[in-house]
Amino acid sequence: MASAPAVSARVGSARAGSSGPTVAELLDFVRRAAEDAALIASLPLDPEGRTWVRLDGPGGSEAWLIGWPPGAGTGWHDHADSVGAFTTASGTLKEHSLAVRLPTDGWKTLELNEGVDRSRELAAGQGRAFGQNHVHEVLNESDSVHAVSVHAYYPPLPRIRRFSRTGAVLRLEQTERPEDWQ
Ligand SMILES: [Fe+2]
């Protein structure tokens, strides 16, 4: 892996539970998995949509190998109380995120302040970790190259909040349980 991973400043500081893995441990796991060429090659790829295989993450975390055909994306969402990490194993992913702490519950729309948008490109070997309530969307913007990535979350995904975004207005659309998650 030639390039140095881009790592969130929060690595090592966020811990979701007293007995769970740290985000640094999750990031270490996804990096190692992304370097496992046989594992990455084992993921079936579909030009029509994302594909995924569940992995055993460290310390009871939930981990996934995900394939992203050109143009695939998640839409805006967060992982509620879970912390996590992900690393691109092949291809390139784009992450758009919000540098803002959202109220956890009791709201339907929020107007975002200027300057909260962040964007980063994660080429193969690059990853990031994130804390609770990290709002983001992940995309494969390539028009020709599949991407594969490895993700880990702890606690195992309790819920996913999905948002729509119109300009500065973020709207909570639905809350999904792990079984709804792709
Ligand atoms: Fe996510």
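**What the labels rest on**

Author: Arg50 lies over the face of Trp68, at 4.9 Å from the ring centre. Before you ask, this is a predicted model, where local features need pLDDT of at least 70, side-chain atom pairs count only at pLDDT 80 or more, and totals for chains, interfaces and linings use all residues. Residues are numbered from 1 along each chain as its sequence is written, and side-chain values use heavy atoms, with hydrogens and water left out.

Reader: How do you know which residues coordinate the iron ion?
Author: Donors are N, O and S atoms within 2.8 Å of the metal (3.2 Å for Na, K and Ca), and water is not among the atoms, so sites may look incomplete. The NE2 atoms of His77, His79 and His136 sit at 2.0 to 2.1 Å from the iron ion, so they qualify as donors. Along the sequence, the spacing of these donor residues is H-x1-H-x56-H.

Reader: Why is His77 called buried?
Author: Buried means under 20% relative accessible area, exposed over 50%, and partly exposed in between, with a 1.4 Å probe and protein chains only. His77 has 3% relative accessibility, so it counts as buried. His79, at 1%, is buried as well. For the protein, 48% of the 182 residues count as buried.

Reader: How do you know how many helices and strands there are?
Author: They are DSSP runs, numbered from the N terminus: helices are H or I with at least four residues, strands are E with at least two. That gives two helices and 12 strands, in the order α-α-β-β-β-β-β-β-β-β-β-β-β-β along the sequence.

Reader: What is Trp76 in contact with, leaving aside its neighbours within four places in sequence?
Author: Contact means heavy atoms within 4.5 Å. The partners of Trp76 include His96, Asp117, His136, Arg162 and Phe163. Trp76 is in strand 3 (residues 76–78), and its relative accessible area of 9% makes it buried. Across the protein, residues 24 or more positions apart account for 75% of the contacts with a separation of 6 or more.

Reader: And Thr87, what does it touch?
Author: Among the residues Thr87 touches, not counting those up to four places away in sequence, are Leu27, Val30, Gly125 and Val148. Thr87 lies in strand 4 and is buried, with a relative accessible area of 1%.

Reader: How many aromatic pairs are there by the rule?
Author: Rings of Phe, Tyr and Trp (its six-membered ring) pair if their centres lie within 6.5 Å; planes under 30 degrees apart count as stacked, over 60 as edge-to-face and the rest as tilted. The count comes to three aromatic pairs. Phe86 and Phe130 have ring centres 6.4 Å apart and planes at 55°, so that pair is tilted. Phe86 is in strand 4 (residues 83–90) and Phe130 in strand 8 (residues 127–130), so the pair ties together parts 44 residues apart in sequence. Phe86 is buried at 1%, and Phe130 is buried at 1%.

Reader: What makes the pair of Trp107 and Phe163 stacked?
Author: The angle between the planes is 10°, and the centres are 5.8 Å apart, so the pair falls under both limits. Trp107 is in the loop between strand 5 (92–98) and strand 6 (109–111), while Phe163 is in strand 11 (residues 160–166), 56 residues apart. Trp107 is buried at 11% relative accessibility, and Phe163 is buried at 6%.

Reader: Which residues form one aromatic cluster?
Author: Phe86, Phe130 and Tyr153.

Terms used: Lys NZ or Arg CZ within 6 Å of the ring centre and 35° of its normal.
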